[in-house]
Amino acid sequence: MIATAMSGKPAMANGARILVTLTLLFSLLGLRAEALEEEWRQAEVIVQETSDAMLILIEEAKIYADEDPERFYVAVEALLSPVVDFPRFAGSVMGKKYYQQASTEQRQRFADSFKWGLVRTYGLALTEFNDGELKLVPATNPPRRPDRVSVNQEIHSAAGQIYPVVYTMALSKDGAWRMRNIIVNGVNMGLTYRSQFQSAAQDPAYGGDLDKIIDAWADLLAAEADKVIEETKIEGTSTSQ
Amino acid sequence: MIGYLRATGERALVFFGHLGRASLMWGNALSGIPRWNDLLLLVKQIYNIGVLSLVIIVLSAFSIGAVISLQFHTQLAKFGAEDAVGVGLAMVLLRELGPVVTALLFAGRAGSAITAEIGLMKSTEQLSSMEMMGVDPLRRIVAPRLWAGMFCLPLLTAIFNVVAIYGGMVVAVEWLGGDPGGFWIGMQDAVEVWEDIGKGMVKSVVFAVVVTWIAVYQGYDTVPTAEGIGLSTTRTVVLSSVMILAMDFLLTLSMYGDFR
Amino acid sequence: MRLRTLEISVGAFVLAGALALVFLAVKVSGVNFTGSRDSYTVLARFDDVAGLRHRAKVSMAGVTIGRVTGIEVDLDYGEAIVTLELDGLAGVLPADTGAQILTEGMLGARYINLLPGIEEEFLEEGDMILDTQGALVLEKLIGDVVTGMRTKK
């Protein structure tokens with residue numbers, strides 16, 4: 001468009017001049033819109049890169065994960081910390097009432113407990129993820145909020161099943177996209193955990209004591225992790241499906 | 001064979017004749033500007049038709065409400081869903097049983113009374129003497145009864161619904177130990193003003209028009225003998241009942257039917 | 001029959017009927033006549049609203065705070081947009097409040113449950129709740145994912 005406008009006769013009529021200016025303006029706007037689109041596509045790039053890195057990590061970990069699972073968990077945590085906003089994720093699990101009630105120390109403790117709980121629970125399941133594929137499904141529409149992008153991905157297991165995963169990415173003040181929530185197979189994990197936290201807070205067994213709940217949460221997730229480990233062991237040792 | 005066809009054809013013509021006469025009667029009775037005197041007649045008819053029907057309506061309502069509540073409770077208890085008695089009771093009453101049963105009882109009590117009264121007036125030549133005196137029997141006799149009937153039945157239906165729900169509550173909550181909160185809140189959550197109460201009232205108005213019309217016409221068209229009055233009265237009740245049920249079917253289909 | 005008695009009984013009958021209608025409206029259907037209460041509208045997007053009906057309740061912490069007043073499809077995004085009418089004034093719920101579709105009671109009536117979030121900005125009139133959980137059976141699916149991700153050794 002610009003090239004055509006430039007290659008005209010040297011002496012242009014006023015009308016043509018206006019036309020050229022307008023054309024330039026509109027093409028610049030188009031570029032600007034593309035630039036804006038680039039911003040939220042960045043979130044998808046982050047997800048893709050992290051997923052690729054995760055697959056490599058899992059592959060490497062196969063060697064040592066059985067004997068030294070902690071090493072794997074630490075590696076996973078190191079990989080995810082820059083791209084997953086664990087403090088925010090954990091905070092939103094607490095929900096408005098308890099987040100406001102909690103002290104900075106309590107919020108930090110819960111964020112750590114939450115982070116490691118997740119890493120351990122799903123970390124082991126990840127090591128069993130053989131020959132699978134993580135396929136990014138680019139969005140066809142811009143996000144409803146420019147600073148919140150839902151990135152769609154499909155987990156293709158070796159058995160041929162496809163699980164949809166949606167990462168809710170938020171644009172931080174430092175310009176980086178970080179994950180705030182994850183929706184696995186249609187189940188909104190953030191909301192599910194938030195609901196569970198609320199139930200625990202109302203449970204008379206804890207009497208609304210945040211410290212008790214935070215400690216209990218680690219146990220809850222640890223219990224779930226044990227369950228996953230047990231089931232994995234049983235599944236692993238059986239020869240038939 | 002030909003004879004059969006002819007008979008059917010004749011019956012059809014007779015039917016249309018009745019329908020025509022009934023429509024003319026209705027039209028003539030309801031047209032014309034009501035006067036102050038007419039109001040007194042109307043009030044008297046409301047008394048005869050509405051107030052005197054209260055006893056049977058209230059008694060039946062209480063029994064029906066109680067019985068339905070009991071049956072629902074028994075069945076729902078199998079699923080541990082006793083709290084749903086309130087909802088089920090209200091829905092069934094407001095949408096179906098309230099309008100239909102009230103109309104059936106009304107046809108039996110008030111409808112037959114109307115037919116008998118008018119029929120008797122016809123047989124004892126009161127109607128024709130009225131005409132000769134220059135008083136329009138349609139205005140003095142028929143119209144007040146028509147208006148009263150159309151006015152009373154919806155009110156009676158509302159009263160029926162309330163008493164029946166009360167009867168149901170007595171059984172579900174007091175006798176069977178259900179949770180009163182669950183009974184009422186569940187009901188309030190599920191019942192909608194237009195969808196359930198409103199449409200039920202619409203049915204009741206339709207029934208009111210149908211029953212009153214049939215009752216008045218049968219009386220007006222009576223064969224003026226003792227036997228004739230009895231026949232007309234019976235016909236009122238039977239015809240009204242059939243029409244109520246048939247119209248209920250059609251109304252329910254059109255109001256609540258969901259065809260894809 | 002004296003005229004007075006007749007008039008009184010007719011009057012009483014009409015009154016009874018009118019009261020019955022009012023009773024039905026108020027006690028049976030729960031319509032409130034406490035004047036027009038404050039309310040505001042908020043949208044919520046879901047990927048699946050199976051079983052959710054108009055006038056379904058919206059609750060938070062176990063208390064009913066509103067009703068569903070509209071369910072529409074957004075063909076562009078392939079989502080269902082639900083309109084919620086909430087009691088009170090806007091600006092109370094954080095912008096990252098979550099909305100779940102849950103099932104209640106034996107008869108399986110679907111309703112919306114709100115879980116307040118922690119953002120400092122609030123939902124105003126016409127804003128959309130983005131963080132949602134559609135109508136699903138949760139436990140089964142979490143189990144499916146964890147099971148499915150494991151393969152034979």
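Predicted model: local features only at pLDDT ≥ 70, side-chain atom pairs only at ≥ 80, totals over all residues.
Select B:Trp213 and display what surrounds it: leaving aside neighbours within four places in sequence, B:Trp213 is in contact with B:Ala22 and B:Trp26 (contact means that the C-beta atoms of two residues, placed from the backbone, lie within 7 Å). B:Trp213 sits in helix α8 of chain B; helices here are DSSP runs of H or I with at least four residues, strands are runs of E with at least two, and both are numbered from the N terminus. B:Trp213 counts as buried because it has 21 C-beta neighbours inside 10 Å. A residue is buried with 20 or more other C-beta atoms within 10 Å of its own, exposed with 12 or fewer, and partly exposed in between, the C-beta atoms being placed from the backbone.

Residues are numbered from 1 along each chain as its sequence is written, and chains are lettered from A and ligands numbered from 1 in the order in which they are written.

Next, select B:Leu153. Apart from neighbours within four places in sequence, its contacts are B:Thr102, B:Ala103, B:Phe106, B:Ser204, B:Phe207, B:Ala208 and B:Val211. B:Leu153 is also one of the residues with the most contacts inside the largest nonpolar core, which has 76 residues. A nonpolar core is a set of buried Ala, Val, Leu, Ile, Met, Phe, Trp, Tyr and Cys residues joined through C-beta atoms within 7 Å. Elements giving two or more residues to this core include α4 (85-123) and α9 (226-256) of chain B, and also α1 (3-28) of chain C. The most, 23 residues, comes from α6(B). A second, separate core has 41 residues, among them A:Tyr98, A:Leu118, A:Met179 and A:Ile214.

Turn to where chains B and C touch. Chain B puts 25 residues into the contact and chain C 21. On the chain B side, α2 (36-49), α6 (137-175), α7 (180-190) and α8 (193-220) each supply at least two residues. The largest share, six residues, is from α6(B). By type, the chain B side has 18 nonpolar, four polar and three charged residues; Ala, Val, Leu, Ile, Met, Phe, Trp, Tyr, Cys and Pro count as nonpolar, Asp, Glu, Lys and Arg as charged, and the others, Gly among them, as polar.

In chain C, select β6 (residues 109-115), where five of seven residues are buried. Strand β2(C) (residues 57-60) pairs with β6(C) in the parallel sense over two bridges; strands pair if DSSP finds at least two bridges between them. Here C:Val58 is opposite C:Ile112. Strand β5(C) (residues 98-104) pairs with β6(C) in the antiparallel sense over seven bridges, with C:Leu102 opposite C:Tyr111.

Finish in chain A, which has seven helices and five strands. Of its 241 residues, 27% are buried. The strands form an open sheet in the order β1-β2-β3-β4-β5, with antiparallel pairing. β1 (133-137) and β5 (187-188) are at the edges with a single partner strand each, so one side of each has no neighbour in the sheet. Inside the sheet, select β2 (residues 148-156) and β3 (residues 162-171), which pair over nine bridges; A:Val149 has A:Met169 in β3(A) as its bridge partner.
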